[in-house]
Amino acid sequence: MHLAPEFGLTCQEIEADGYVLDRKIEMLLASDSGIGMAKSTGVGMLGFADAFGALQPDLVVLLGDRFEVLAAASTALLMRLPIAHIHGGELTEGAVDDAIRHAVSKMAAVHFVAAEPYRNRLIQMGEMPERVHCVGGLGVDAILRTPLLEREALEASLGFSFGKRNLLVTFHPATAEDGDPLNQCEQLLAAMDSVPDCHFIVTLPNADAGGRAIAERLLAYGRENPMRVGVFASLGAKRYLSCLALVDGVIGNSSSGLLEAPTFGIGTVNIGNRQKGRLKASSVIDCAPEQHAIEAAIAKILSESFRKGLTEIYNPYGDGGAARRIAEILVSVPLEALRGKTFCDLPLF
């Protein structure tokens, strides 16, 4: 997705931060189906094989659970390149990402998890305890080191004016469910119509099956409501975090509503099962992907009584420092020791 204009061509943001991209691996097909995701993963393996062969990395560091990551991990495994996996051990039972994450963990030689329950889960999966390190979440790191935009500068950058109340919306397909993602999107839009005094900053969904249909509907909704709805392919890290600092809450089913939003002391309406199983702060309100349930959850996070309780929210993903801890551990790990794995059997009771 970093290389695709329809998703914001965000590789340019990485380069603007001063990083040199040694290889750009084109793998995303113009498809909106599971077949397209599967074929993209296969194309990705071809590209990663060439890249790894040319670059000869000592270690492959992978973050998360996307199908692109599965392509990179599978290739590294077959080429006997040790893998360090970040954010393993988590659960998102409503998306295929859940199985991908666990698969990558089993291919990885060393792990950096965001919370202690995730460390325990990887050990339960047979990973050696000394190779599973609890470092916190990288999303909190990004918040602490990113200089945020003031409201006026952010509005100018977006070309969109904030209202008296504002909500940030991100809605992806729940790829492990049988429900129609477009219908769920319609339920969300109907709920948004119920708060006409709110302005909405909407980011488009990712490249999962069903995502493009949702994107087309969200773009149409933005055109129908230009004064109170701004729709963006990608906000980029700085603008996205700046939005989180200024909005009154988050709606959707993105991991960001659980990982980053609590640090800003705002409420999250978490729709459906896409993030089911992840640790949640008390600022996160779960609801079904149905209009009236979403309306009730929005009303709750905007209520004065709920907002008063957000001043002392604890984010289960830590208070920063994950990147530094990961770097310190990687420097100390003998690479040769990572080329083999031992399964850690646990007692059956």
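Student: Is Phe48 buried or exposed?

Tutor: This is a predicted model, and in it Phe48 is buried, since its relative accessible area is 16% and the cut-off for buried is under 20%.

Student: And which helix do Phe48 and Phe52 lie in?

Tutor: Helix α2, residues 34-55, holds both, and they sit four residues apart, about one turn of the helix. An α-helix has 3.6 residues a turn, so residues three or four places apart point the same way. Phe52 counts as buried too, at 10% relative accessibility.

Student: How many aromatic pairs are there?

Tutor: The count comes to two. For Phe48 and Phe52, the ring centres are 5.6 Å apart and the planes are at 35 degrees, so that pair is tilted.

Student: OK, on to the sheet. What's the strand order?

Tutor: β7-β6-β5-β8-β9-β10, an open sheet of six strands with parallel pairing. β7 (229-232) and β10 are the edge strands; each has a single partner, so one side of each has no neighbour in the sheet. On average, neighbouring strands are turned by 20 degrees against each other, direction ignored.

Student: What joins β6 to β7?

Tutor: Four bridges, and the two strands run parallel. Thr203, which is found in β6, stands opposite Phe232 in β7.

Student: Which residues is Thr203 in contact with?

Tutor: Apart from neighbours within four places in sequence, Thr203 contacts Val169, Thr170, Phe171, Leu218, Phe232, Leu235 and Tyr240. With Thr170 there's a polar contact, side chain to side chain, at 2.6 Å. Thr203 counts as buried, at 8% relative accessibility.

Student: Which residues touch the most other members in the largest nonpolar core?

Tutor: Phe200, Ile251 and Ile298, out of 32 residues in that core. Two or more residues each come from β5 (165-170), α8 (181-193), β6 (198-203), α9 (211-224), β9 (267-271), β10 (284-287) and α12 (291-302). There's also a second, separate core of 23 residues, with Phe52, Val60, Ala73 and Ile100 among them. In soluble globular proteins, nonpolar side chains tend to be buried together.

Student: Back to Ile251. What is it in contact with?

Tutor: Leaving out neighbours within four places in sequence, Ile251 contacts Leu167, Leu168, Val169, Thr170, Leu188, Phe200, Val269, Ile271 and Ile298.

Student: Where is Asn253 found?

Tutor: In the loop between β8 (249-252) and α11 (256-259). Asn253 counts as buried, at 1% relative accessibility. Setting aside residues up to four places away in sequence, Asn253 touches Thr170, Phe171, His172, Asn270, Ile271, Arg274 and Gln275.

Student: What about Gln184, buried or exposed?

Tutor: Buried, with 11% relative accessibility. Gln184 lies in helix α8 and touches Phe171, Glu177, Gly179 and Pro289, if residues up to four places away in sequence are not counted.

Student: Last one: which residues of α6 are buried?

Tutor: In α6, residues 138-145, the buried ones are Gly139, Val140, Asp141 and Ile143. The buried residues of α6 pack against α10 (236-246), α11 and α14 (322-332).

Key
Residues are numbered from 1 along each chain as its sequence is written. This is a predicted model: local features need pLDDT of at least 70, side-chain atom pairs count only at pLDDT 80 or more; totals for chains, interfaces and linings use all residues. Side-chain values use heavy atoms; hydrogens and water are left out. Buried means under 20% relative accessible area, exposed over 50%, partly exposed in between (1.4 Å probe, protein chains only). Contact means heavy atoms within 4.5 Å. A nonpolar core is a set of buried Ala, Val, Leu, Ile, Met, Phe, Trp, Tyr and Cys residues joined through side-chain atoms within 4.5 Å. Two strands pair if DSSP finds at least two bridges between them. Axes are lines fitted to C-alpha atoms, for helices over the stretch in contact, and angles run from 0 to 180 degrees between N-to-C directions. Rings of Phe, Tyr and Trp (its six-membered ring) pair if their centres lie within 6.5 Å; planes under 30 degrees apart count as stacked, over 60 as edge-to-face and the rest as tilted. A polar contact is a pair of N or O atoms within 3.5 Å; within protein, one must be able to donate a hydrogen and the other to accept it, and residues adjacent in sequence count only if both atoms are side-chain atoms.
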